[in-house]
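Please check each point against the residues concerned.

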Amino acid sequence: MNKITLVFLIVCTQTIFGYAKITETEKLAATCKVWGFLKYYHPKIGSGQVNWDSQLLEKLPLIEKAQTKEEFSLILENWINDLGEVKMVAPIVIPKEVEFFDKNFDLSWFNSKLFSKKLSKKLKFIENNRFQSNEEFDYSFDSFKYLKNYFDLDYTNKSSRILMLFAYWNVIEYYFPYKYVMDQKWDLSLEQVLPLVLEAKKGNEFYIALKKLTARLNDSHVETTTYGPEVAGKRPVYFPATGRIIEEKLVVTEILGDSLAQADNIKIGDVITKIKGKTIKELIQENQDLISASNEAKFLDKVTLPILKSYDENVEVEFLKDGKYETKSMIWFNYHDSHRNEFKKGAIKKKEKFKLLDNNIGYVDMGVIKNRHIPDMIEALKSTQAIVFDMRNYPNETYELIANFLNPTEKKFCDYTMPYLNYPGRYTWKEGIKCGFENKDNYKGKVVVLLNEQSMSQSEWTAMCFQAAGNTTIIGSQTAGTDGNVFELEFKGFHTRYTGIGVYYTDRRETQRIGIVPDIEIKPTIKGIQEGKDEVLDRALLFVKTGK
């Protein structure tokens, strides 16, 4: 009797489960994955024979009506069948020289509980008999494939918002090399942002939802900007200076609009504790899910911009001066006025590209010097006991000529991972870049590189190059942790971008999110900024002097 009851319960449970209703988020998340997979894998779609965007828009009403997983799965099965037969070409031979990097790759969702076994088998068959591309992966790579004009979409229309979300999510799913080091799985990010996209009623609400999604890439290259006002009917205004967040306070480090700053007695070293009654800590938390950054150091660097931006021109700012709190009622101005140094106009002193410091130490500003200046720099500094390369900026592609000067031999300094276009989502190891040559006249002194959170991408890559010389010491703090090229994506009303290739040391140590690890860590202090010191450079000079 007990056995019969148990069997009956199991059958009933399976029947009830089989016809359980599925949520809109579940259906759309699964549809997004299937639509994106077919876009890149199905031979007919991959070759551009189908307007795949239009087909999605046609199927969305059917998907919305589906109540059970059986109904939903059948819609997807029929959709695939309507595309026609996929010819069997398996097994597809992978060239012997291909070495896969598969930390990003996962198609286990084929076995979703929402899919019938028949649908799962169809997806697996298409994977094994996938579209084979003749396209080369380079900086002009088209990750949207053929039908990518999203400038006519109406973001007040739910289906258009869904299409835009699906297109973007799948570009990252298949062509973002660092998906595996995100704080959370990309699938979960899709599920979390879908309700926001569905609920958005205005273009700016949809933009905010997409911005929250792009922030979850944890990639400092990512900037998502809008071409219209983020707040309806208003344009932003700005504090006339910028700064650095230290100890949950914002310290002014550079004056951007000198006449406006003077009018409110704003000076370098001033400490801001509140804006509009909110502490810097509270303002940081408000922006936490809107900014993409590889690490906390770069996030704190990027968050200063929105903190010092307002949509109300009358702004109360609290300062801490000489141990006392002082609140000022300020008027902030548009970008042009708040960033215009009127007093210095025509009299701004140009930054020195390179110079000789005391004790026969050379100094090079990597953000200013260009290739045409390198021969003069070498001649002036070749006999110094050390050269400090200040890379707290963005270099001008001068790595090769300088590396030739620093290195006694040719050395490889990095390896790459790149998408394998005949198996979307999979990456392969590629031979990296070499620098230097057989050079007996290479530089014999100490090489010091200064880095911080503003050292990003090419700065980090150049630092890796200089490290290959073998006599290089990195001084400063954690860098932005984003290396590789950038792919720009342009849509109606907004623009975003992401890192396109993976960059690793030759022993395959990671750089994304980690950055270039300093040999000697030193960060600016509030006291040092107020006293006008460059504490990072001072520490470098001490190292040259003492070796410690």
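The points below go from the whole chain to its sheets, then to its aromatic rings and to some backbone details.

1. The coordinates are those of a predicted model, and each point should be read with that in mind. The chain has 548 residues, of which 51% count as buried, and its secondary structure comes to 19 helices and 23 strands. Taken along the principal axes, the C-alpha atoms fill a box of roughly 90 × 65 × 55 Å.

2. The surface and the contacts can be described for the chain as a whole. Among contacts in the chain with a separation of 6 or more, 74% are between residues 24 or more positions apart.

3. An open sheet of six strands, with mixed pairing, runs in the order β11-β12-β13-β18-β19-β23. Its edge strands are β11 (354–357) and β23, each of which pairs on one side only.

4. Strand β21 deserves a separate look, since five of its six residues are buried and the strand is mostly covered. Which strands pair with β21 in the antiparallel sense? One is β2 (residues 225–226), over two bridges, with Thr226 standing opposite Phe494 of β21. Another is β20, over six bridges, and here Leu489 stands opposite Thr496 of β21. The hairpin of β20 and β21 has two residues between the strands, and in this hairpin Gly493 takes a positive phi near 90 degrees.

5. The count of aromatic pairs comes to 38, and two of these pairs are described here. Phe100 and Tyr420 form an edge-to-face pair, with 5.3 Å from centre to centre and 90 degrees between the planes. Phe100 lies in strand β1 and Tyr420 in the loop between β15 (415–419) and β16 (427–430), so this pair ties together parts that are 320 residues apart in sequence. Phe100 is partly exposed, at a relative accessible area of 23%, whereas Tyr420 is buried, at 14%.

6. Phe487 and Tyr498 form a tilted pair, 5.7 Å from centre to centre with 45 degrees between the planes. Because Phe487 lies in strand β20 (residues 486–491) and Tyr498 in strand β21 (residues 494–499), the pair ties together parts that are 11 residues apart in sequence. Both Phe487 and Tyr498 are buried.

7. Two arginines are placed over aromatic rings. Arg508 lies over the face of Trp429, at 4.0 Å from the ring centre, and the charged end of Arg426 sits over the ring of Phe105, 5.4 Å from the centre of that ring.

8. Ala90 and Pro91 are joined by a cis peptide bond, with omega about 0 degrees, and Pro91 is found in the loop between α5 (69–82) and β1 (100–101). Ser457, which is not a glycine, has a positive phi near 60 degrees; this serine is found in the loop between β18 (446–451) and α17 (458–467). Arg513, also not a glycine, has a positive phi of about 75 degrees and lies in the loop between β22 (502–504) and β23 (520–521).

9. Are Ser457 and Arg513 buried or exposed? Ser457 is buried, with a relative accessible area of 7%. Arg513 is buried as well, with a relative accessible area of 18%, a value that falls under the 20% cut-off.

10. A last point concerns Ser160, which lies in helix α7 (residues 158–175). Ser160 counts as buried because its relative accessibility is 10%. Not counting residues up to four places away in sequence, Ser160 touches Leu57, Leu153 and Asp154.

Note on methods
Residues are numbered from 1 along each chain as its sequence is written. This is a predicted model: local features need pLDDT of at least 70, side-chain atom pairs count only at pLDDT 80 or more; totals for chains, interfaces and linings use all residues. Side-chain values use heavy atoms; hydrogens and water are left out. Helices (H or I, at least four residues) and strands (E, at least two) are DSSP runs, numbered from the N terminus. Buried means under 20% relative accessible area, exposed over 50%, partly exposed in between (1.4 Å probe, protein chains only). Rings of Phe, Tyr and Trp (its six-membered ring) pair if their centres lie within 6.5 Å; planes under 30 degrees apart count as stacked, over 60 as edge-to-face and the rest as tilted. A charge sits over a ring if NZ of Lys or CZ of Arg is within 6 Å of the ring centre and within 35 degrees of the ring normal. Two strands pair if DSSP finds at least two bridges between them. Contact means heavy atoms within 4.5 Å.
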